[in-house]
Every structure is written in C-alpha cells, then in structure tokens.
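Here is a note for a reader opening this structure for the first time.

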Number of protein chains: 2
Amino acid sequence: MKNVENRDIMHALNQLSRYTVKELNVQLKDHDLYASQWAIIYCLDTFGAMTQTEIWKYLNTEAPTVTRTLVRMEKSGWISRKQGQDKRERIIELTPMAIERIPTVKKSVESFDEEMLSAFSQQEKNQLYTLLAKLKSSGETSE
Amino acid sequence: MKNVENRDIMHALNQLSRYTVKELNVQLKDHDLYASQWAIIYCLDTFGAMTQTEIWKYLNTEAPTVTRTLVRMEKSGWISRKQGQDKRERIIELTPMAIERIPTVKKSVESFDEEMLSAFSQQEKNQLYTLLAKLKSSGETSE
DNA sequence: CTTCAATACTTACCCAGGTAAATAAACACC
DNA sequence: GGTGTTTATTTACCTGGGTAAGTATTGAAG
C-alpha cells in the first residue's frame, strides 16, 4: 500500500464525520430529532439534570450553540429549563415525554452505530478509537 | 484496554472533525479563507477549471452548499464563474490573485496537517486512513 | 459597603451543511 | 417541432458550529 498523505487523512476524517451525521439525522427524523439534539438528550439521560455550562463543556462545544439548541428542544418538548439557586444558571432536565421516548430512540441509534461499524472486529474498533484519541490529544498539546 | 463502545467511536469521530476544522479555520484566518473554501481552491488547483457539479460531487457535498460558498468566494476575489457551452453549467476557475496566493496558503495548511499528525508514524497514518476508508465504505454499502 | 472581576447565559452576526422546490437549458421521443 | 424528462444551478428555509459583545448575578477585595 502506498503511503498516505496527511491531507488525505484530514479530508477523510471530515468527509466521514459529515457523512455519519447526515445518516444519523435521517435515522432520527422519524423521532423528530437531530444528531446534536440527541447528543444532549443522551448526556442528560446518562448524568441526570445538568446546567448549560456542564453540557457544552462535556460536549466540547460553545455556550451559544447549546443555548440555541436547547431553545429548540424546549419548544419541541424534549427538555425544560429551570432556574438554579445561583440565579445565573439554568438547570436542564428531560421532560416526561422525553423519558418515555428515549428507549425507542436509543435502540434506533444503537442499531445505526452497529450497522456503521458492522464490518469492524472489536480489535479494529479499539484500534480506531485509540488512533482518534491520539490525534485529538496530539492536536491539543501542540498549540 | 477496555473494549470500546460503538457510540464512543462515533462520538470521538465527530468531535475530532469539529476540532480540526475549527483549528484549520484559525490557521486560515490570516489568509481570509475558511476550511471549506480552501477545499474548493485545492480542488481547482489540482484539477484545473471545473463545473459546480464536478466540485460538489468530488467533495461529497450538495449543490446548494457549493453555490453559496462559490458566491462568497467570487465576492472575495478567489474564483470567477463563466458560462460553458452548455448554458446550464458554470465553469469555475481560480483568479490570478488566487494563483498568486495559493503557494503560501498551501504551506500554511501543510504545516498545520503535519503538526496535527506529528505524533503518528507513517504506519499509524496508513492504519488510520485504512480504518476511516473502511468505515466510510461499510456505511455506504449497508443502506 | 462599594467596586471590580469572574461566571452563566444570551444576542447578533458570521460560515457551513442539509432538503425541497423553482428555473432554465439540454435531450429524447414520437 | 412540440412534449415530457433529465440535468445544472439557484432560492428559500431549516439545523448547527463559531466569535464578539452584552446582561445579570455572584463573589472577592479593599
């Protein structure tokens, strides 16, 4: 096999990410959700109620992005936002409707992930994850 | 090492992609360019003048996305669009300004890519690329 | 206390990705 | 040569990512 160029790796990474998000959005359309909204729901389902800051820090995104998405999710009835003791912060929690629907959505997403990775052995999965983590950390340290 | 879950891989993939694009945008800011604009310029620099359809098919994106980006790039003086013999299509070419500046930008992007991948051996790079390609193709075949 | 810095969130404004539908030209076919 | 279909591009409208600046509350220091 020919040696791969750096740019080919970066290009493949971005194309693949765009592709998987696009496909996951198709999968989630039946549930009236988008990939980034599901990420927030998954987070809340795993950790329980969180502040907005906890969410965007965990998801490695920015505050305004999360604000906007949460506004939409509040409108569509997935989450509610209430004030904390600290009046600056908002505590986000899942609505009963969300809690009811999550198991179904989760199954759908899990089967999507499994399908995407069906050609991979567990060893290859570990390998891929290790390489992705290494790329991320090596980017972060060399600023 | 513990076995990795499918969702962790998908999550890592998307986070990493977002991170690299964000960093590349910082790098390109000095040149008044964005990552997706550079992708188009790189494409034109490599293959010569192309139609819009050729561009979006090559970049694996959609027609409206490319239209919008090209409008911006025309305004900022990187490309020009002229009508082909087939009056439906538009042929995109780089402006003299673009051709003059490309070598400098290319150096900047190359050093960025190299920095991002500096912790990887050539073997690891090949491995990572192979795994990304496999993930992409396995997603495409199992629709 | 009062003042000033830090923190949480929001607003306004970019670019980018997508879908659905409209337009216009080319093509095929009878 | 009209009729209908494909093809190239555009328009309108979503979601999502980002930065910069504004608001409000908290907290710390004098």
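1. A residue is near a molecule or strand if its C-beta atom, placed from the backbone, lies within 6 Å of it. Around DNA strand C there are 23 such residues, and Thr53(A), Pro64(A), Glu89(A), Tyr34(B) and Lys87(B) come nearest.

2. This is a predicted model: local features need pLDDT of at least 70, side-chain atom pairs count only at pLDDT 80 or more, and totals for chains, interfaces and linings use all residues. Residues are numbered from 1 along each chain as its sequence is written, with chains lettered from A and ligands numbered from 1 in the order in which they are written.

3. Which element gives the largest share of the surface near DNA strand C? It is α4(B), with 4 residues. Helices (H or I, at least four residues) and strands (E, at least two) are DSSP runs, numbered from the N terminus. By class, this surface has 4 nonpolar, 9 polar and 10 charged residues. Ala, Val, Leu, Ile, Met, Phe, Trp, Tyr, Cys and Pro count as nonpolar; Asp, Glu, Lys and Arg as charged; the others, Gly among them, as polar.

4. Chain B has an open sheet of 3 strands, ordered β1-β3-β2, with antiparallel pairing. Strands pair if DSSP finds at least two bridges between them. β1 (50-51) and β2 (79-83) of chain B are at the edges, each with a single partner strand, so one side of each has no neighbour in the sheet. Thr51(B) stands opposite Ile91(B) in β3(B).

5. Turn to the chain pair. 42 residues of chain A are in contact (C-beta atoms, placed from the backbone, within 7 Å) with 42 residues of chain B. On the chain A side, α1, α5 (96-116) and α6 (122-141) each give two or more residues.

Definitions and conventions
Two residues are in contact if their C-beta atoms, placed from the backbone, lie within 7 Å.
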